[in-house]
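Welcome! Here is a short briefing to read alongside the structure, with the main points grouped by topic.

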Protein chains: 2
Amino acid sequence: MLSLSQVKIRAVLAACLVGLPPAVAGAAEDIIWRQVQPENLVFMELPEGRVTLELNPRFAPQTVQQFRKLVQDGFYRGLSFYRVIDGFVAQGGDGSDLGELSLVPLIKAEFEIELAEDIPFTLVQKNDLFATETGFVEGFAAARDPAGNKTWLTHCPGAVAMARNDGADSSRTDFYIVIGQAPRYLDRNMNLFGRVIEGMDVVQKIERGRADENGIIADETKSSRVRSITLASDIPESERLTAFVMDTESRGFKHMLEDRRNRKQKFFHHKPPKVLDVCQVPMTGRVTK
Amino acid sequence: MLSLSQVKIRAVLAACLVGLPPAVAGAAEDIIWRQVQPENLVFMELPEGRVTLELNPRFAPQTVQQFRKLVQDGFYRGLSFYRVIDGFVAQGGDGSDLGELSLVPLIKAEFEIELAEDIPFTLVQKNDLFATETGFVEGFAAARDPAGNKTWLTHCPGAVAMARNDGADSSRTDFYIVIGQAPRYLDRNMNLFGRVIEGMDVVQKIERGRADENGIIADETKSSRVRSITLASDIPESERLTAFVMDTESRGFKHMLEDRRNRKQKFFHHKPPKVLDVCQVPMTGRVTK
């Protein structure tokens, strides 16, 4: 039926962007990429593939310290994502709430930090629905309240945080990855300590539970499990993968934000409002040999 | 190591909601469910599982009419999701841009409609980042501009729209499903004509392309394909599945929204702002025999 081979059609498509404007528009070529420090770089192998995380000790130093230790102790190896709600979170760990019986200490609340001069901030949006200002701090989507002198990481897709009970200081071992529309109402309420920099497509393949069972996967044999999880700094340098993320203070990154805000392409017949959702800026990193 | 069996722990978890509050909080029990009309109900079978769509002829009558015909003609059978960008969209169809050679007519722009008294609207949020008002119209996330007298469907996760070229009236056959953080900047620019009411977990398993190749999957053997796609009204009633979605005008639904807005659970140490992102309200339907 078609006069062109499918392959040719694909090539044409790739060139002329039929259908929708590209997800990453504009001057992406002058974005500077920053190498992730090996002590903040985590590789998690699932049956579905590799997920790469960057930890954020600036916003959650104690949580990062405990998570690193749990990773080094092999705590998560073989454990499952036991509570997975499509469009919300994938929660992994041992699923226990052993209280005083646990040998792992509780983590104090690290929900927000004081604003300080040495915290770089690339503004994305003023008067976002959930915060006075949203933007990026060293590659992480963040928000801040200048009047209250506070800043915090936001629950965008790919955000990684410790689960907890009702108590503010009740995080311990189990963590979740945000897999759907940003649940921003959780901001300033959780120990958010990292983000997925590569492999969200893998995370999206994690087996879901039923929403009406709060995502709990009753049949253990079905749940996705952590094959291994490793801190890059524990791998000999010669064998280690390297990860790069966009330098969110670079001029190129700021240009990209402006391009997204202004939407000058003739594709747009109704000019969108000149606003940006900080959680809708594509922030995928690159992992290489 | 653990004194309880894993199964027991799961049961405890399900009961006491360790980790995070449930995704659907509050008075879910008094939500009324509406049966989807068979002529608006579409079952799409992928190798990954079944995806159920509801079409919306109120907002996009011509697009729905053409999509129904394409479904009935078997147009999509065997075709692939050839452009899939994680966190953005999964686009399917024949991937061609045959222009005048195509036998399928173009569809005129159906980006928004006039506000009218007979369009029910359950308000979710005033002065959302992208619109004067957001809310639900007959189960669909929507927005409206009372001053301009317009209303439109919004690009929330699960939204289904026709792809197009730069021309406003250039939609024809290929469609996309939103699979990531709501790209609201596309609102009022696309023929948005339906939504996934069940099976977003299946959609999330669709094979991705590379973001730096605009999501185009070069290797055809890897892409996810439509095994079959059927309009419920074309299936004999005795063999047909039935689908239910929340009645967004029901008191129970409005209660649920209020519960989400107020977040009264003791879990919240920092009280979230009393706002709601219309795209973050869980809207999964139920499909039964």
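In this predicted model, pLDDT stays under 50 over residues 1–18 of chain A, a stretch for which the model has 18 contacts beyond four places in sequence. Residues 22–27 of chain A also keep a pLDDT under 50, and here too the model has 18 contacts beyond four places in sequence. Please keep these two stretches in mind while reading on.

**Confidence**
- Chain A has a mean pLDDT of 90.
- A pLDDT of 70 or more is reached by 90% of the residues of chain A.
- For the complex, the predictor gives an ipTM of 0.92 and a pTM of 0.92.

**How chain A is built**
- Chain A holds four helices and 16 strands.
- Its length is 289 residues, and 49% of them count as buried.
- Taking the contacts in chain A between residues at least 6 apart in sequence, 73% join residues at least 24 apart.

**How the two chains are related**
- Chain B can be superposed on chain A by a rotation of 180 degrees with 0.0 Å of shift along its axis, and the RMSD is 0.0 Å.
- The two copies are therefore related as by a two-fold rotation axis.

**Where the chains meet**
- In the interface, 69 residues of chain B are in contact with 69 residues of chain A.
- On the side of chain B that touches chain A, at least two residues each come from helix H1 (6–16), strand S5 (89–93) and helix H3 (200–203) of chain B.
- H1(B) gives the most to this side, with five residues.
- Sorted by class, the side of chain B that touches chain A has 35 nonpolar, 16 polar and 18 charged residues.
- The copies meet through the same surface, because 99% of the interface residues of chain B are also interface residues in chain A.

**A backbone detail to look up**
- Arg263(A) is not a glycine, although it has a positive phi of about 45 degrees.
- You can find Arg263(A) in the loop between helix H4 (251–262) and strand S16 (286–288) of chain A.
- With 19 other C-beta atoms within 10 Å, Arg263(A) counts as partly exposed, because a residue is buried if 20 or more lie within that distance.
- In chain B, Arg263(B) has a positive phi of about 45 degrees without being a glycine, and it is found in the loop between helix H4 (251–262) and strand S16 (286–288) of chain B.
- Arg263(B) is partly exposed, with 19 other C-beta atoms within 10 Å.

Key: Residues numbered from 1 in each chain as written. Chains lettered and ligands numbered in written order. Predicted model: local features only at pLDDT ≥ 70, side-chain atom pairs only at ≥ 80, totals over all residues. Least-squares fit on C-alpha atoms with pLDDT ≥ 70 in both. Contact = placed C-beta atoms within 7 Å. pLDDT = per-residue confidence, 0-100. Buried ≥ 20, exposed ≤ 12 C-beta atoms within 10 Å, placed from the backbone. Nonpolar A, V, L, I, M, F, W, Y, C, P; charged D, E, K, R; others polar.
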